[in-house]
Amino acid sequence: MLITQLKTIDEIRTLAGSKTVIISCEGCKEVHFPECEATELYKELSDNGTALKVIRTEYICSPENLDVATRKHIDKINAADTVLVFACGVGVQSASAQFASKPVLAACDTIPLPGYQGVTPLEVDCDQCGECYLNGTGGICPIASCSKSLVNGQCGGCKDGKCEVDKDMECAWERIYKRLEKLELLENMKYPAKLRNFAPEA
């Protein structure tokens with residue numbers, strides 16, 4: 001179980017930029033999701049011309065489901081500057097892998113609740129650590145994708161793009177660097193360290 005919590009409205013407006021496609025995942029009904037607040041925001045961004053399309057679908061953690069839901073809207077996605085995802089961290093990473101040529105940004109933070117965790121078919125995970133790093137790391141989670149959960153860049157053990165802990169595993173920070181380089185967003189790697197909030201809002 002987990003809580004999917006909206007980032008601040010001002011932050012979401014900034015993330016959306018001038019032209020965005022919104023993907024809203026509504027699959028996991030056991031996940032706490034602020035649907036009313038999100039719907040009001042979708043309407044605002046659509047009315048002011050920022051949101052080119054709002055795609056409401058289910059289980060975007062499944063690449064097949066995501067592909068089916070977005071295929072008919074690919075012209076809108078191609079025309080957008082960003083893809084803004086309202087989902088848990090796994091859904092954001094799934095969308096990031098699907099739309100590798102676009103900045104894919106998380107509009108939510110993911111916070112754990114006790115109980116059974118759903119099973120995702122992806123080889124990615126979300127550690128549900130609160131304020132999400134994905135917007136600064138090209139949609140690749142440094143905590144869940146790095147064996148050491150490093151948040152300050154590549155360690156000294158990487159050789160030929162592989163992790164020293166698991167020789168078959170690609171170095172998460174090398175993947176992050178290459179993705180940001182492709183998106184011409186390497187300046188994102190200069191984000192300052194900050195105190196993070198690991199708890200849901202009261």
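These legends describe close-up views of one predicted model.

Local features need pLDDT of at least 70 and side-chain atom pairs count only at pLDDT 80 or more, while totals for chains, interfaces and linings use all residues. Residues are numbered from 1 along each chain as its sequence is written, and side-chain values use heavy atoms, with hydrogens and water left out.

**View 1. Helices α3 and α5 cross.** Helix α3 spans residues 63-71 and helix α5 spans residues 89-98. Helices are DSSP runs of H or I with at least four residues, strands are E runs of at least two, and both are numbered from the N terminus. The two axes come within 10 Å and cross at roughly 65 degrees. Axes are lines fitted to C-alpha atoms, for helices over the stretch in contact, and angles run from 0 to 180 degrees between N-to-C directions. The crossing is right-handed: the near helix is turned clockwise from the far one by less than a right angle. P63, L66, D67 and T70 of α3 meet S94, A95 and Q98 of α5. Contact means heavy atoms within 4.5 Å.

**View 2. Helix α5 is mostly covered.** Of its 10 residues, 8 are buried. Buried means under 20% relative accessible area, with a 1.4 Å probe and protein chains only. The buried residues include G89, V90, Q93 and S96. Among the elements covering them are α3, β4, β6 (108-112) and α7 (172-182).

**View 3. Y42 and F86 form an aromatic pair.** A search of the whole structure finds 1 such pair. Rings of Phe, Tyr and Trp (its six-membered ring) pair if their centres lie within 6.5 Å; planes under 30 degrees apart count as stacked, over 60 as edge-to-face and the rest as tilted. Here the geometry is edge-to-face, 4.9 Å centre to centre with 85 degrees between the planes. Y42 sits in helix α2 (residues 35-47) and F86 in strand β4 (residues 82-86), 44 residues apart. Y42 is buried, with a relative accessible area of 3%. F86 is buried too, at 0%.

**View 4. The largest nonpolar core has 21 residues.** A nonpolar core is a set of buried Ala, Val, Leu, Ile, Met, Phe, Trp, Tyr and Cys residues joined through side-chain atoms within 4.5 Å. I23, I60, V85 and V104 have the most contacts inside this core. Strand β2 (20-25) is one of the elements that give two or more residues, and β2 gives the most, with 3. A second, separate core of 16 residues includes L15, I22, A51 and A107.

Technical notes. Buried means under 20% relative accessible area, exposed over 50%, partly exposed in between (1.4 Å probe, protein chains only).
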